[in-house]
Every structure is written in C-alpha cells, then in structure tokens.
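Subject: Two-chain model, handed over with notes

Hello,

Here is the structure I promised to pass on. My notes follow below it.

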Amino acid sequence: MQSADHAAAVEASRRQDEGGERLRARMAAAFFAAVIAALALVPVLTGNTSFAFYLMLWITMASALNIVVGFTGYLPFGYVVFYGVGAYAAGICYKVLGWPIPLALVASGVAGICLALLLAPTLRLKGVYFGIVSLALATIMRLIIANLPSDITGGSMGLILSSSNNPFASYYAMLLVMAATLLSVLWLAQSALGKALKAIRDDDGAAACIGIDVPRTRLVAWLLAALFPALAGGVEAWHTNIIDPEYAFHVLITAKSIVYAMAGGFGTIIGPVVGAAVLLGIDHVIWQKFPLINLLLLGLVIIALMLFLPRGIVGTVLKRRPQLRRFIA
Amino acid sequence: MLKVEGLQKRFGGVAALRGVGFHLPRRAILGVIGMNGSGKTTMLNCINGIYQPDSGSIRLDGKEIGGLPVHTIARRGIGRTFQVPRVFSHLSLLDNLDVAQGQMGLSAAERYEASSYWLNKVQLFGLRHNFAEELSGGQQKLLELARIMVAKPKVILLDEPFAGVNPGLAQLLIAIIAELPREHDCSVVLVSHDLTSIYQLSGHVIVLNEGTLLCEGDANTVRNDPAVIEAYLGA
C-alpha cells in the first residue's frame, strides 16, 4: 500500500515537473512565433526592410553562436569564417557555376558543414587556444579566398551578383533561416543532446565520466553552429549582391555575434534574440541621434551591460528571479 | 568483478603507481588509504580511463578495460566521484541525474523515477529544480553520488567522499554507501583519509605508499600492520 502511495506521489511530481518543462518550451515557442510573425509582416506593412533584415541576420548569428558557446562552452573568435564561406559558396555557385539561387543557398549550407568538419580537429583544443586558432583559421581562409584566381572568387575585389537582385525573396529567405535556427535551438534545449552539451559545457571531464562521448557530441553542436551562419552568409550575399573578402571575413561579425548573444544571455533559449533586438535597436537609435560618436556610445552601453548584467539580460533575470525559470528558458 | 594487476603510471620522472593490484569481488567495498601523493587518485584515474596506464591490466567481469576512453569505461559500468565534487553547475538537480541516464535507452518516465528515487535517497528531492551550483559542497557530493548511481553502475569509485562534508551529511553518505552493495548490486572502491569510515565500511582495505601496495587485509590486519603504522599512521 505504501509503495503504491509512493509510486502515485512520484507520478504526480513527474507530471508536475514535465508540465513545467513543457510550459517553458511553449513560452519560448510562443515568443519565437511572435518574433517570426512580426518580422514576416514587415515587408507587407513598410517598404523599409533594412533594419528587420539585419535584425534577422543577427538573431541567426547570435542564436547559432549560442549553440556552440552557450551549449558547449567553446568560444570561436573566428566564427565569421562560416558566414564568409557561406557567402562565397553561394556567390561562386551562382555567378561562376550558373546555379539557380536556391541551389546556391543549399551549397552555402553544405560549404559551412564541410568547413566545420575540416576544422573539427580544433575542438580538441580548449579555452583561449581554441578561440585563437579559430581566429587564425578565419584569417587564413580570407587570404586564400582573396588570392584565388579572380575568375572564381573575384580576388580582393570580390563578386557582384547584380542579376540576382530580389530583396523581397531574400528577405523571406533570411526569415526562413532565422526560423530554422530558432527551432533548432528550441529543439536542442529540450533534447537529451542539449542536456549532454550543457553537461559538457559545465565540466567535460565529468560528462565523459557519466558516459557522454564528448568529442562526438561536441561535433554535432559544432556542425549545427556552422550551418546557420553559412546559410545567413549566403542569403546576405544574395540580398546585398556584393561579396568581398574584407567584409565577408571581418572580425566585427564575430564580435557582434558574441556581444548580442552575451547581452541576452548565453545558454538561454530566448537570450540571443532579446540581446540582438535590444542592442541592434539601441545601435539604430544612437546612429540616428549621434552619428559622430555612435561607436563610443554603443561601446559604453555594452560595457554597462557586461558590468551590471554579466549573465546577459535573460540570464540575469533568471538568476535573480528563480521563480521565473518556470516560464522562461 | 574488478581485477587490477601490475598497474604502473609515470609522470615524467615520477613513478605515481608501481605495480599496484587488487581484486574487488561483486558486492564488496574495498577501502583504499594512503598518504597524500601515495597514488590513490592516480589509481582511480587509471581505472576509469582519465589516465592511460603505462602497463598493467584492468579487467571488469573478465574483460580488459585498461586504455579504453573514459565514456566507454563509464558505459561498461564504472562510475566515479571526485575529491572536489564536479557537478554540472548550471543544470538543475533533475537534469544532472537525467543526463547521466542519457545512454541507457530509458523512457522519460523511467528516468524520472530513477532520478526521484536517488534524489529522495540523498535528501535533495525538494531542491530538484535548483541549479547544482546553488548547493553546498556537501550536498554536491551527495548529488554526485546520486548522479553515478542512477546509471546503475557495476563498480563505483569514490574519491574522498567525506572530505569537507559536515558530520550530519557524512553520516548520511556512510549509510548510503554501506547499503549500495546489498541493495544496488554494486561494488565500491572507497578512497578516504577518514580511517574510521574506511574501517567501518570496508570488508577489505589496501594501503598505498609511494605508488606501491604496502599492505592489505581486513580492517584489523591493516590497523595492526607494523609497516602501516610506521609509514602511514605514525603511531
């Protein structure tokens, strides 16, 4: 009788706890759905889609970076390499090989995955060593692309894809990439894989001691984190019609991805979206009001965020208000 | 169950283990004592694969596991705790236990049942939604023990489980460890400086000194061995 009571109590608490987990996932899904729906309406409601397009791009970059940083603890300073290679893969497939844009975008994703596989051995490194090696690899990749025959990559001048111009279609392509990124993060956070990655992030040695195949699990996160920026790079190349090695591999792209994700909260699901939206919004306002000192002011905002909200906006809220963990992930 | 023979491990010019061996039968507790630097933790690290032994044999149920990757050894049934607890700080207590069952092919309900059983056992069920970093050091040791036990290991290696734990929690740990072999069909290698606990819990004790096996036997034999008294107890 006592064991039946105990089983019933366990079942009741399981249902309650699973209900809590489902609630968190639903809240995050609802938040993402609202963001996607709002951004989908922008081209219909206004002719100016530039801010919204770049908001989607940075949400994608920050959320994909969150997979590798927030879920595994690896900080790749050369993260831009996936974006750059994706942009060039799309550009070369469209301009040189004459592929249609949809196929060229698929190629950008494939290129990102292939590059991630090629760079996978660097995952053996840890901490700052991994970060510096990834930065060096991004620089090497930029030099290789800039020095390839100009009829392939356009050399240091880059490529112009003028005949592909379709801002409306490229806007929705970016929306699709962003939605896929957010869905992946949402899935990852609920999955056994996501928990294993977070365990690795907290202590990879202890994770191995409970049977997690650390290199293999990390590799999955690495591939996911490479796919979305590569696709974003391809779509942005299509949207702007210009690819040049300086911009495509610029360190500022990595820096912005890190800052936006950090501002929202690494390891949280909605944090990078909040961080990208808040900082991009502030950046936009500062740029309009104080064009001459915009970078100085933005830098001060970022310093203030790091000082007062070291876990990011969402991360700090969850730390200070544990009761909200039931609703926010 | 677990048989270790001629285990050797060097770090540069320092021989940390020089031919250590022991046999751990099923459902037994083996106590391991020795001074700091005697090779106790190195031995555990070799058994669970953190270090690759230079030579020697480590057999679990007759199969060689020496030199296998850490995660493979864990999946074969060897669990491990650490001197300083290594919990997953930013995961909830439930997730700490859930992730440890990820390789077992269990349903969510089965995993939850095992997690709640062990969290109740270590008296942490009420804190199950807290992050592990929010626990005290002693509670983290209990969580670490629960985390390895949910995976139903054949052998567990406990490295200084009582260090830095208040007397109340230490008594709880002792009570749980004592019943592991009988109730959970599990053998235990218990490394500790707490001789009272070692003698209380272990049917067999080995004493390491500078990487070699100084003495072995039951608690009485070890306690009264002149070499042990001279080298370790000092009285």
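At 60% relative accessibility, B:K152 counts as exposed (buried is under 20% relative accessible area, exposed over 50%, partly exposed in between; 1.4 Å probe, protein chains only). B:K152 is in the loop between α5 (137-149) and β7 (155-159) of chain B. Helices (H or I, at least four residues) and strands (E, at least two) are DSSP runs, numbered from the N terminus. Phi of B:K152 is near 50°, a positive value in a residue other than glycine.

Some ground rules. This is a predicted model, in which local features need pLDDT of at least 70, side-chain atom pairs count only at pLDDT 80 or more, and totals for chains, interfaces and linings use all residues. Residues are numbered from 1 along each chain as its sequence is written, chains are lettered from A and ligands numbered from 1 in the order in which they are written, and side-chain values use heavy atoms, with hydrogens and water left out.

**More backbone and helix notes, chain B**

B:D185 also has a positive phi, about 50°, although it is not a glycine. Its loop runs between α6 (167-184) and β8 (187-191) of chain B. B:D185 is partly exposed, with a relative accessible area of 30%.

Helix α1 of chain B (residues 40-47) is mostly covered, with seven of its eight residues buried. The buried ones are B:K40, B:T42, B:M43, B:L44, B:N45, B:C46 and B:I47. B:G49 follows α1(B) and has a positive phi, near 95°.

**Chain B overall**

Chain B has nine helices and ten strands. Its radius of gyration is 17 Å, close to the 18 Å that the globule rule gives for 235 residues, so chain B is as compact as a globular protein of that length. That radius is taken over C-alpha atoms, and the rule is 2.2 Å times the number of residues to the power 0.38. The C-alpha trace spans about 50 × 35 × 35 Å along its principal axes. Of the 235 residues in chain B, 55% are buried.

Contact means heavy atoms within 4.5 Å. Among contacts in chain B between residues at least 6 apart in sequence, 67% join residues at least 24 apart. The accessible surface of chain B is about 9,400 Å², with 49% of it on carbon and sulfur atoms. Areas come from the Shrake-Rupley method with a 1.4 Å probe; for residues, only the protein chains shown count as cover.

**Chain A overall**

Chain A has 15 helices and two strands. A compact globule of 329 residues would have a radius of gyration near 20 Å, and the 21 Å of chain A agrees. Its C-alpha atoms fill a box of roughly 80 × 45 × 40 Å along the principal axes. Buried residues make up 52% of the 329 in chain A. In chain A, residues 24 or more positions apart account for 77% of the contacts with a separation of 6 or more. The accessible surface comes to about 14,600 Å², of which 71% belongs to carbon and sulfur atoms.

**Cores**

A nonpolar core is a set of buried Ala, Val, Leu, Ile, Met, Phe, Trp, Tyr and Cys residues joined through side-chain atoms within 4.5 Å. The largest has 91 residues, and those with the most contacts inside it are A:L39, A:V81 and A:F82. Helix α2(A) gives the largest share of this core, 14 residues. A second, separate core has 63 residues, including A:I210, B:V70, B:L143 and B:L190.

**Residues in chain A**

Leaving aside neighbours within four places in sequence, A:L39 is in contact with A:A52, A:L55, A:M56, A:Y171, A:L175 and A:M178. A:A40 is in helix α1 (residues 2-45) of chain A. At 22% relative accessibility, A:A40 counts as partly exposed. The C-alpha atoms of A:A40 and A:K126 are 40 Å apart, at 86 residues' separation along the chain.

A:N66 lies in helix α2 (residues 50-69) of chain A. A:N66 is buried, at 0% relative accessibility. Beyond its neighbours within four places in sequence, A:N66 is in contact with A:F71, A:G265, A:F266, A:G267, A:T268 and A:P272.

In helix α15 (residues 312-320) of chain A, the buried residues are A:G312, A:V314, A:G315, A:T316 and A:L318. Their cover includes α12 (251-264) and α13 (271-289) of chain A.

Best wishes
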